[in-house]
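Dear colleague,

I am handing over the structure that follows, and below it I have set out what was found. Please read the notes with the coordinates open beside them.

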Amino acid sequence: MKRSAKRAAIQAAVLLAVGAAAWFLVSNTLSNLEARRIASGFSFLQREAGFAIGESPIPYSAADSYLKALVVGLANTFRVSAFGIVLATLIGFAVGLGRLSPNALLRGLCAAYVELFRNTPLLVQLFFWYALITETLPPAREALQPLPGVFLSNRGIFFPLPGSVPVLQGFNFSGGAHLSPEFAALLAGLSIYTASFIAEIVRAGVLSIRRGQREAAQALGLTPAMTTRHVVLPQALRVIVPPLTGTYLDLTKNSSLAVAIGYPDLVSIANTAINQTGQAIEGIAVIMAVYLTISLSISALMNWYNARVLRR
Amino acid sequence: MRWLREHFFSSWPSALTTLVLLFVLFEALPPFIDWAFVEAIWTGPDASAACRAARGEGACWAYIGEKHRFILFGTYPYDEHWRPALAMLVLLALWGLSALRRAWRWWLAVVWGCGLAAIGGLMWGGFAGLPYVENERWGGLMLTLLLTTFGIAAAFPLAIALALGRRSTLPVVRALCIGYIELIRGVPLISLLFMASVMLPLFLPEGLSIDKLLRAQIALILFAAAYLAEVVRGGLQAIPRHQYEAADALGLGYWSRTAFVILPQALRIAVPPLVNVLVGFFKNTSLVVIIGLYDLLTSVKVGLQEPAWSGFGVEAYLFAAATYFIFCAAMSLYSRRLELASPGSSWPPARAAGS
Amino acid sequence: MRAIVAVIVLLACGTAAAQSTAQAVRSKGYVQCGVNTGLAGFSQPDSKGVWRGIDVDVCRAVAAAVLGDASKVRYTPLTAQQRFTALQSGEVDILSRNTTWTLSRDTGLGINFVGTNYYDGQAFMARRKLNVTSAKQLDGATVCVQPGTTTELNLADYFRANGMSFRPVVIEKLEEVLNAYFAGRCDVYTTDQSGLVAVLASRAPNPEEHVILPEVISKEPLGPAVRHGDDQWFDIVKWSLFAMIEAEELGLTSKNVEKQGSSKNPSIQRFVGATGELGKMLGLDNRWALEIVKQVGNYGESFDANLKPLGFERGLNRLWTQGGLLYAPPLR
């Protein structure tokens, strides 16, 4: 009994300490907000936002509420994350498998790719791509046209969609599809950076398959390519998928760096909302709640998948 | 000849790949080398005008030359630049010493304490004839190294506490530690930096204020502690049960056992992934540009804002990337060497720790 | 580790009594002034690194009034996104950064505007070769704007009201947004008219290639601000600004104010502190207004030194006696 009393006492002490610290912080915050007469509460979400957003996958105008503006930000985050995940996976698998190729030149180049992009901060890479697009591409009226209908300028990349072709009209191009410099830089930076991590995961996954598997496949008469496709990859995927999901999650969190180059993602728009309304706590709480939800859901999904796989 | 054939032309697809890659390299490399080295402007009297004239043909490395003091030391007073330079040497010596296996003893913590105190004394001054320099004026590469070093030094004890707490049998302690770790790992670093720079002043009583550098440092410490805690926990998990049993047989209590038997071994096992977290942390300090602190990336960026130097962002960021690369690649190489030297460790490939 | 220990120590001894800003300024010996990162005429460091501008002069006036020395000011350059947080958090004592006085800012952000030191309005700047003569021809344009400003909101309102659409390019740092505009990233740049004039005069590589469109689409009373909750500091900053305006009205300049102790005009006598206790009522020395005019100058001198060389006209910023909006309440 004495031991469990001691355990209870320790836990009570810890709870007391944490509770006291929390009370200290909360009461200070409340009194500071009161003294400075800063508004609080989430009612500002119904207020008219008043500012325009550069690009949005859903219709939005400055007359819409802050809540709608934040939803647009979230949609932009998902947009760049989804494309980024697809691109990063493609590049990552290619580079990862390339590092295992018997060709030494390919191996060397892929290794150089991984080392180069893993050891440089993502933010530096984002700034670099953004500078490359906005400084080296010409203004819209002198846009480069590598292919008919495709225009490269410092206002972005324009390419035709079936049915509409970009045409210079008045101030800008209209028609066709448009990638803003911010989106293009963010996509390029995120994909290329994350691909270097995915490449390492893929390589470790494939290497984890014992040689015996490969030799058995060879003995059965399968070519190296068929071996890879039918024997190695399915088993390697089991090793690859958990850390791969972690990397996808990191990509989604890293897309928050959009605030540094002006792409209107969730953090960017929440930041503007904080500046216009002064309600920093609510704004940051929204950002953290959204990302936490995304992270915890993906983790829960991963745990469920792992349990299912392990049961097999 | 046989070596060539085996590595580059071992099969039809391989040979084709080699030829295609060689072709691409021959097309892409010479113009790049031309731009980056041959036609580049390195120094000169009217550097910015020369750079402008060579726009598109030659890189403007003169920008780095012009701004190199600012990039290294920020707005630190010009005459006192020897102080941050000396502090940087002390810092690199500390890291170098910690890299040696022989130094992994308890007295390393004491050496670190003295080293950090020396660095603080050099940078702040205010005694023995050294003029006082407030930390608003620290910046550049110096600040990046300082943020990383003080950050890891402070996050380490916190991480150990969190890892031990997460493995504790007391449900309250375990729940608190898990809650903290999952919360911090689930949100992007930028939101923590915003929280620290905007909300921390509200958390403090009226009249007390902490400066921007300290706020950013706290956010980085809290972030690193969560990731380090997972690494330490992995190390703890790798300790076989018989170590615990042997310590119990010797009559050691929980704290003695942890401090003298478990932790030293766990930390040794955890060093390779720990270095990976360190690399990620070093890269993460670049995010303070978003809250307005003058670290290496910010100083490289700020110079571009002058009209004379606007438009040379590509060169500036290539230089910043190269600087970060040198430090990070060195650390990664060290970590890989460590991994190879201890084949008994069954640690899986380290996850991208927040990158 | 040291940082955490420092915080704990500070918490332990600093929680006692809250210091008022005036007391804090006196004990640390300087005024911390939040200014622009570099806007010609308002707050910009010159080639020797000395900060100059009419916003800078407001802070210098407060330093002269409180500490007796206009040079005892330290400057914190702030972007539009950082400025309110810096003031709210105590990082700066005064925000003198060409900030527009609006209701929502005065109430919801925890700050108090002390007055207006420049009456302005928002306008547009475009390239001449786009052949636009009016802002109403800007439908579909790409517009560069800084986030966290009234500019951003007024821009959206104006285009909505006139049934036009536009593409915003949102860049936080002033220098970067200017670089983007001059590089052709956007067609139009919008900010306060004073900002446009300053940029054309000091930053444009080819000023004749750009034109400021005639429409002024909003009221932008720019002025300094302080935190909520410190009425004495609020009064000090407010009356320092009014002292500069009143000095111009009374004809006092930095050259002649010292000799005015013997003036027969009772207003001047009160101003320089020869009679009355105006300084004491503010908690300052009686020579507070004299030191302001002597070390910084009156409003007109500050304007002529900083804005006139860039081509600014007084316009709305003349004294009320000359048809403008500058009107100081009586110093008595």
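Two residues are taken to be in contact if their C-beta atoms, placed from the backbone, lie within 7 Å. This is a predicted model, in which local features need pLDDT of at least 70 and side-chain atom pairs count only at pLDDT 80 or more, whereas totals for chains, interfaces and linings use all residues. Residues are numbered from 1 along each chain as its sequence is written, and chains are lettered from A and ligands numbered from 1 in the order in which they are written. Helices (H or I, at least four residues) and strands (E, at least two) are DSSP runs, numbered from the N terminus.

I begin with a helix pair in chain B. In α7(B), L162(B), G165(B) and R166(B) meet V173(B), R174(B), C177(B), I178(B), Y180(B) and I181(B) of α8(B). The residues of this contact divide into six nonpolar, one polar and two charged, where Ala, Val, Leu, Ile, Met, Phe, Trp, Tyr, Cys and Pro count as nonpolar, Asp, Glu, Lys and Arg as charged, and the others, Gly among them, as polar. The axes of α7 (residues 140-166) and α8 (residues 171-186) of chain B come within 8 Å and cross at roughly 125°, which makes α7(B) oblique to α8(B). Axes here are lines fitted to C-alpha atoms, for helices over the stretch in contact, with angles running from 0 to 180 degrees between N-to-C directions; angles under 35 degrees count as roughly parallel, over 145 as roughly antiparallel, 65 to 115 as roughly perpendicular and the rest as oblique.

Next comes the interface of chains A and B, to which chain A gives 54 residues and chain B gives 49 residues. On the side of chain A that touches chain B, the largest share, twelve residues, comes from α1(A), and by class that side has 36 nonpolar, twelve polar and six charged residues.

Within chain A, N254(A) lies in helix α7 and counts as buried because it has 25 C-beta neighbours inside 10 Å (buried means 20 or more other C-beta atoms within 10 Å, exposed 12 or fewer, and partly exposed in between, with C-beta atoms placed from the backbone). N254(A) and L122(A) are 132 residues apart in sequence, yet their C-alpha atoms are 8.2 Å apart in space.

Lastly, in chain C, the buried residues of helix α2 (residues 21-28) are T21(C), A22(C) and V25(C). Just after α2(C), G29(C) takes a positive phi of about 90°.

Best regards
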